[in-house]
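Keep the 3D view open as you read.

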2 protein chains.
Amino acid sequence: MSEHVLHDNGVGIRGFDRSLPMALMRAREAVMRHFRPSLAEHDLTEQQWRVLRALEDADTALSVGELAERTYLLGPSLSRMLALLDDRGLIARSSVPGDARRADIRITATGIELVAAIAPRSEAAYEHIEGRLGPGDLEQLYVLLDKVGRL
Amino acid sequence: MSEHVLHDNGVGIRGFDRSLPMALMRAREAVMRHFRPSLAEHDLTEQQWRVLRALEDADTALSVGELAERTYLLGPSLSRMLALLDDRGLIARSSVPGDARRADIRITATGIELVAAIAPRSEAAYEHIEGRLGPGDLEQLYVLLDKVGRL
DNA sequence: TATTGTTATACTCTATAACTATA
DNA sequence: TATAGTTATAGAGTATAACAATA
């Protein structure tokens with residue numbers, strides 16, 4: 001029998017400690033706690049960071065809609081954010097030939113530099129996590145999270 | 001060799017798909033997507049839900065500070081939220097004998113009823129997840145998340 | 001003096017609806 | 001008519017500082 005047993009506390013709902021959303025949030029908090037100061041230092045919110053990372057990872061221009069999906073941001077939030085990131089020269093927009101409604105968003109060289117400047121702290125956090133979990137466990141965690149993410 | 005290989009994309013940072021915070025967020029999104037309508041139906045934000053669940057799980061009164069730690073909310077956010085939940089009769093405050101600075105927060109019968117009313121939808125979401133992962137994987141996921149959460 | 005909690009303030013994000021331009 | 005993106009608006013959370021009351 002496992003130490004992690006689902007228990008009934010009388011109102012037909014799992015204990016707080018057995019709530020998957022809370023466990024996910026706790027884990028995310030633990031990771032971000034080490035990383036957030038680095039973002040603040042460079043005047044980036046977590047959401048802005050997600051946008052830059054998504055663009056940098058895409059390696060190609062993305063439409064606003066595609067970007068919204070990948071970053072879990074709503075259109076209006078993203079729209080305003082892109083204006084700010086554009087002002088800071090971190091992203092650039094261009095029109096799409098053949099569909100004047102669409103906008104192509106890409107990360108600029110300045111944006112890539114900023115991401116690269118923050119990256120070392122991110123790597124340090126990962127090494128810390130790997131040190132605690134071991135590479136096998138981390139791998140297994142990714143597999144399980146991917147499964148849950150595909151609900 | 002695993003299919004999940006950390007790769008270098010030229011700026012010294014992991015790919016977006018190999019970002020642990022993003023994987024955690026995706027998983028949480030997938031779970032909450034099924035659950036959020038139920039909260040909205042009862043006029044609760046995710047944060048308010050966390051507060052009610054934490055109180056209900058504690059099975060005893062908590063100080064504002066303890067509650068803030070358990071729900072990952074800041075004092076000022078929590079302070080305002082407690083006033084709203086108090087107005088709705090979902091929580092109650094009482095003074096602590098021996099320390100007039102502290103406030104004891106507890107969930108009311110009405111609050112417990114509300115949690116119980118929402119619980120079935122939560123359970124359905126869990127059954128869906130268990131159906132996809134299998135109980136063993138879900139258990140393993142909890143173990144790994146707990147490890148990460150203890151950073 | 002330090003701690004507990006609230007209030008003040010500015011900013012950001014969430015969420016929905018309305019709007020513009022284009023397809 | 002539908003789609004892509006922006007603008008408008010209201011509400012809520014984040015974050016820091018300042019504050020009151022108490023220890």
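## Around B:Glu46

B:Glu46 sits in helix H2 of chain B. Keep in mind that this is a predicted model. Which residues does B:Glu46 touch once its neighbours within four places in sequence are left aside? They are B:Arg28, B:Met32, B:Arg36 and B:Leu39.

Two of these partners are arginines that meet B:Glu46 through side chains. With B:Arg36, the side chain of B:Glu46 makes a polar contact of 2.7 Å. With B:Arg28, there's another side-chain polar contact, at 3.3 Å. As for B:Met32, its C-alpha lies 9.1 Å from that of B:Glu46, and the two residues are 14 apart along the chain.

## Where the two chains meet

Now zoom out to the contact between the chains. Chain B puts in 64 residues and chain A puts in 63. Together they bury about 6400 Å², and 65% of that area is on carbon and sulfur atoms.

How many salt bridges cross the interface of chain B and chain A? There are two by the rule used here. A:Asp137 makes a salt bridge with B:Lys147, with 2.9 Å between the closest N and O atoms. The interface of chain B and chain A also has 10 residue pairs in polar contact, counting pairs with both residues at pLDDT 80 or more.

On the chain B side, at least two residues each come from helix H1 (20-41), helix H2 (46-58), helix H5 (109-133) and helix H6 (135-149). H1(B) gives the most to the side that touches chain A, with 15 residues. Sort that side of chain B by class and you get 32 nonpolar, 12 polar and 20 charged residues.

## How the copies are related

Chain A has an open sheet of three strands in the order S1-S3-S2, with antiparallel pairing. Strand S1 (62-63) and strand S2 (91-96) of chain A are at the edges with a single partner strand each, so one side of each has no neighbour in the sheet. As a reminder, strands of a sheet pair through backbone hydrogen bonds, either parallel or antiparallel.

S1(A) pairs with strand S3 (residues 99-107) of chain A over two bridges, in the antiparallel sense. Here A:Leu62 is opposite A:Ile105 in S3(A). S2(A) and S3(A) are also antiparallel, paired over six bridges. In that pairing A:Ala92 stands opposite A:Arg106, and A:Arg93 has A:Ile105 as its bridge partner in S3(A).

## The hairpins

The hairpin of S2(A) and S3(A) has two residues between its strands, and A:Gly98 there takes a positive phi near 100°.

Chain B has a hairpin of its own to look at. Strand S2 (residues 91-96) and strand S3 (residues 99-107) of chain B run antiparallel and are joined by six bridges. B:Val96 stands opposite B:Asp99 in S3(B). The hairpin of S2(B) and S3(B) has two residues between the strands, with B:Gly98 at a positive phi near 100°.

Methods
Residues are numbered from 1 along each chain as its sequence is written. Chains are lettered from A and ligands numbered from 1 in the order in which they are written. This is a predicted model: local features need pLDDT of at least 70, side-chain atom pairs count only at pLDDT 80 or more; totals for chains, interfaces and linings use all residues. Side-chain values use heavy atoms; hydrogens and water are left out. Contact means heavy atoms within 4.5 Å. Buried area is the accessible area (1.4 Å probe) that two parts lose on being put together, summed over both. A salt bridge is a side-chain nitrogen of Lys or Arg within 4 Å of a carboxyl oxygen of Asp or Glu. A polar contact is a pair of N or O atoms within 3.5 Å; within protein, one must be able to donate a hydrogen and the other to accept it, and residues adjacent in sequence count only if both atoms are side-chain atoms. Helices (H or I, at least four residues) and strands (E, at least two) are DSSP runs, numbered from the N terminus. Ala, Val, Leu, Ile, Met, Phe, Trp, Tyr, Cys and Pro count as nonpolar, Asp, Glu, Lys and Arg as charged, and the others, Gly among them, as polar. Two strands pair if DSSP finds at least two bridges between them.
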